[in-house]
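This report describes the architecture of a single protein chain, from its overall composition to selected local features. The sequence and structure are shown first.

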Amino acid sequence: MSLPRLPDWSPQRYRRQQDEESGVSDGWLRASHDDSDAFDIPPPKKASVERLKRWRQAALVLNASRRFRYTLDLKREEEKEEARKKIRAHAQAIRAALLFKEAGGTPSPVPGPPQEFPSAVHGFGVGCEKLAALNRDHDTSSLQEYGGVEGLANLLKANLDKGIPGDDNELLIRRQAFGENTYPKKKGRSFFVFLWEACQDTTLIILMIAAALSLGLGIKTEGIKEGWYDGGSIAFAVFLVIFVTATSDYKQSLQFQSLNEEKRNIKLEVIRGGRRFEVSIFDIVVGDVIPLKIGDQVPADGVLIVGHSLAIDESSMTGESKIVHKDQKDPFLMSGCKVADGYGNMLVTGVGLNTEWGLLMASISEDNGEETPLQVRLNGVATFIGMVGLSVAFVVLVVLVVRYFTGHTKNADGSVQFQPGKTRVGTALNGTVKIITIAVTIVVVAVPEGLPLAVTLTLAYSMRKMMMDKALVRRLSACETMGSATTICSDKTGTLTLNQMTVVKAFAGGKMLEAPDKADLLSPRASSLLTEGIAQNTTGSVYVSEDGQVEVTGSPTEKAILYWGLKLGMRFEDLRSQSSVVQVFPFNSEKKRGGVAIQLSESDIHIHWKGAAELVLDSCTQYLDQDGSIQQINPDKMNEFKHVIEKMAGESLRCVAFGFRQCDVKKVPVSIEQRKQWVLPDDGLVLLAIVGIKDPCRPGVKEAVNLCRNAGVKVRMVTGDNIQTATAIALECGILDSRELQPGAIIEGRAFRVLSETERQHVARDLSVMARSSPNDKLLLVQALRKQGNVVAVTGDGTNDAPALHEADIGLAMGIQGTEVAKESADIIILDDNFSSVVKVVRWGRSVYANIQKFIQFQLTVNVAALIINVVASISAGDVPLKAVQLLWVNLIMDTLGALALATEPPTDDLMQRRPVGRRDPLITNVMWRNVIVQAIYQVTVLLVLNFDGIRLLHLSNQTKADAEDVKNTFIFNAFVMCQVFNEFNARKPDKLNIFSGVTKNHLFMGIIGATVIFQALIVEFLGKFASTVRLSWQLWIASIALGFISWPLALLSKLLPVPETPFAEYFRRMYCCKPGGKGGERCGERQQSSEAQDGSAR
């Protein structure tokens, strides 16, 4: 079903329904965006290189190195890809050689006792170079010569079961012998590099040349004592601008470096001294034993010790998306690859630069650059303002040059500055240089190079603060996109709940147990089979220390079941040692169950299944009664079991069932190759038990959900639990309201996935809870919501969540339970897995956008006022009241200091009372235009009146004309700066009457305001020669401050003026659209009717 075509002037275009970035399939609108606006790009993970190049070419840029610093460096990206291709080619060549070798049937050497190898440093039996070659060449022959994995572990003084001892001295020795698991990072750019880049601004270079000419000519005509002031002051002002700019950029760079360090610091489990520890990836050493599970990143090079259905995605190294299965024939694991399925343990043989991943990472530098749609749009605004500024500067230049050489420009005493045939060449040249200086300085003020960088500044500030709110930003654009989020699809476990699971109910032996952990309520056979299944069918582990302390590791569900097993008398290590694992069917969120086949004797095979209660129950035909006898499940008994599950689920419990069956050993394949293909039988199971696991809701989650609802953001819960558990939790969290439960609010994943695309979009609109969902169901939901025009944020923690995280506008991975695959696909990592932190991210996203708008409003006011004053004054009087140095100081206030003050405003509560920010909403709103126009008219009117009649108004008639002009111009400059200082307060709250709310909490803002006023006083009172100013009396200081102060009540009154909802730009578009002969004029009436119909349906 195609969407109706929108009129290009419709207000609906500014609403989320027609958001191109949200996947609307309106080809006409998309084409219109693609063809007409270079400064309109989709999110970076969906933008093509051609689009990224296009907007750069469209931007008016005077300092490319500064303007595009934090955008994606396309050339560097190409270099990175070349480096990756080289290493991948090497990996592919090795693989081809191995395949050729296997095809040739080269016999593998017979494993035997390890030979005498040249002793490596620190007494290890093998050196760093041989280990690196072993893994790099996938050399199974050398591995067999070492005695296989066990022989290699002996050479490395490691125990395959318990790992290395792990004391500090041991780790130090291994790092000295085999290196650290780090790679040399290219040094960040020094402060002097930022200084150099700031110097490359075209306008500043012209000003430096003008300053040098002015300095030379001034000294020549007026002598060194007086002649250096003009040129020297301009040069100093330029250096000040460069220094402040470089300092600001350097500090931002340091912030990004620290955030990159945090992103690289992966936490993982390692076995040392028989215990599992969580350590940083940088602390891994050769000889470590690392447990791997689905979704993990392989942290170093190594060989597989033992694995069950272990499949590795080596695409990051080879460039191929093929999944490689690992076993004893191909046991080599490469650092940087991802575990696609299964689990196992690996022995680390190479770290850091002794791995190909380390070489790759060392050869490519970390790039902080990234497009953000807001950054690109601001480049468009900067280009527009810059073109206006260049035009104005050119007009001023022409007017001043013509007036100067025609004798219409006069000195303060009334004498003509240039007289043909009388004025010396040096004096004329000096006058021309001053005119050029003024024109170029107008360009400096007019072209806001700092406007796109203000985005980076506020993003850097927000990212740092979001870290404190437990959110690690991986992609810059996600910060601003979160401000536009209209819906959040959240997981239940660990996000809405605490992820602190305990077994609180148990149904076994055909009855509900009074206490779930009382072993004497179970028959010996039931207890034996249950503990056997719990111990063997798990990815967790139990460690009992010498003093009897028990440590249980694994996922929260696994830990809850293992703790329950221990209470039933399970002896974990004994049970695992009494049998051998034949085959494993790993659990994942798609299958919702996992199984294991174990061999207890030569003829006895037990198969244990564990998973979602109703799925396991469907596979059961028998059950174990209270005496330990096997009974058939009749329809009445089946209904009883289902009722037990529903009752547990209704109490917000996660239901897990345990099934068991025996298998004839003759049916089990003998060869390893055949066994890999063997599918574990899952029919005819005997039901052992059903348990209810309690996972309480997080404190404050209900309030966070209500906050989202008030902010216009709908929260949807997507869970793998059954529909009763999901409904109970959703009601507890406030996602569902028992008073207004709608028929379409809850659905199961299997019902959703069979719907047509159109039906899914219809159902998704009212959907609040999706139960028994698979990761693919989550992906389908995200696609349906985006096609409706929603801006979708999605939480995920599993490997299979990666497609949904990538498809969503904002992917949010869980930092504690999330796999590395999920984290790499995500835009933001929620470090504490808490839904309240997700809501804080929404708040920060809205703050980013609001802060940029504050800065734009402030900067536009300065731009408009400064340009109009200088144009009018130059055309009418032949001179400008604001001199070059003064304009450079205003530029510093406006550009760098203004961005620092306004772009670092902390988020306020009222941000969550607004509707989501539309990514197609105009960047400069009607409210902002109203504020800019009112303030600019006021400033221009006051300053032009002062310029033309200031001597009379300021009572300066009793002074000489030259002195009066100096005082008047100084007063104009002072009043202009004071207007900006007071207007900076107005810019903090563009649409609020109280502009002082929270101002004292923003110490940086107050500090910048204070510093601006102090420096202004110093410039006026003590740097007269430098800034072309004279000292002002206290009366004139009070008058300057009063003129600035008037902007406050003026802003208050202006905010009482109503503004239309339709953006001003739309009116111009309508006029253009509907005028005779205008583009699309013939469809104007038709479009208007369409727009009205859509507005009506929206209401």
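Predicted model: local features only at pLDDT ≥ 70, side-chain atom pairs only at ≥ 80, totals over all residues.

Although Asn430 and Gly216 are 214 residues apart along the chain, their C-alpha atoms are separated by 9.2 Å.

## Overall composition

The chain has 1099 residues, of which 56% count as buried. Its secondary structure comprises 41 helices and 26 strands. The accessible surface amounts to about 46,500 Å², and carbon and sulfur atoms contribute 57% of that area.

Among contacts with a separation of 6 or more, 73% are accounted for by residues 24 or more positions apart.

## Nonpolar cores

The largest nonpolar core contains 85 residues, and the residues with the most contacts inside it are Ile442, Leu943, Leu946, Phe973 and Phe976. Helix H35, spanning residues 961-988, gives the most to this core, supplying 14 residues. In soluble globular proteins, nonpolar side chains tend to be buried together.

Which residues does Ile442 contact, leaving aside its neighbours within four places in sequence? The partners of Ile442 are Gly389, Val392, Ala393, Val396, Leu867, Asn870 and Leu887.

## The eight-stranded open sheet

An open sheet is formed by 8 strands with mixed pairing, in the order E8-E26-E25-E24-E9-E21-E23-E22. Its edges are strand E8 (471-473) and strand E22 (746-748), each of which pairs on one side only. From one strand to the next, the twist averages 20°.

Strand E9 (residues 487-490) and strand E24 (residues 792-796) run parallel and are joined by 3 bridges. Cys489 stands opposite Val794 in E24.

Is strand E20 mostly covered or mostly uncovered? Strand E20 (residues 685-694) is mostly covered, with 9 of its 10 residues buried.

Strand E19 (residues 653-664) runs antiparallel to E20 and is joined to it by 8 bridges. Here Cys655 has Gly692 in E20 as its bridge partner. Strand E10 (residues 502-508) is also antiparallel to E20, with 6 bridges between them, and Val503 has Ile693 in E20 as its bridge partner. Strand E17 (residues 620-624), by contrast, pairs with E20 in the parallel sense over 3 bridges. For Tyr623, the bridge partner in E20 is Leu687.

## Cysteines

How many disulfides does a search of the whole structure find? The search finds 0 disulfides. A disulfide is a covalent bond between the sulfur atoms of two cysteines.

Cys128 has a relative accessible area of 16% and therefore counts as buried, as the value is under 20%. Cys620 has a relative accessibility of 4%, so Cys620 is likewise buried under that cut-off. Two further cysteines have been placed above by their strand pairing: Cys489, opposite Val794 in E24, and Cys655, the bridge partner of Gly692 in E20.

Conventions. Residues numbered from 1 in each chain as written. Heavy atoms only, no water. Disulfide = S-S within 2.5 Å. Buried < 20%, exposed > 50% of the residue type's maximum accessible area, 1.4 Å probe, protein only. Core = buried A, V, L, I, M, F, W, Y, C linked by side-chain atoms within 4.5 Å. Helix = DSSP H or I, 4+ residues; strand = E, 2+ residues; numbered from the N terminus. Contact = heavy atoms within 4.5 Å. Pairing = 2+ DSSP bridges. Axes fitted to C-alpha atoms, helices over the stretch in contact; angles between N-to-C directions. Areas by Shrake-Rupley, 256 points an atom, 1.4 Å probe, with all protein chains shown as cover.
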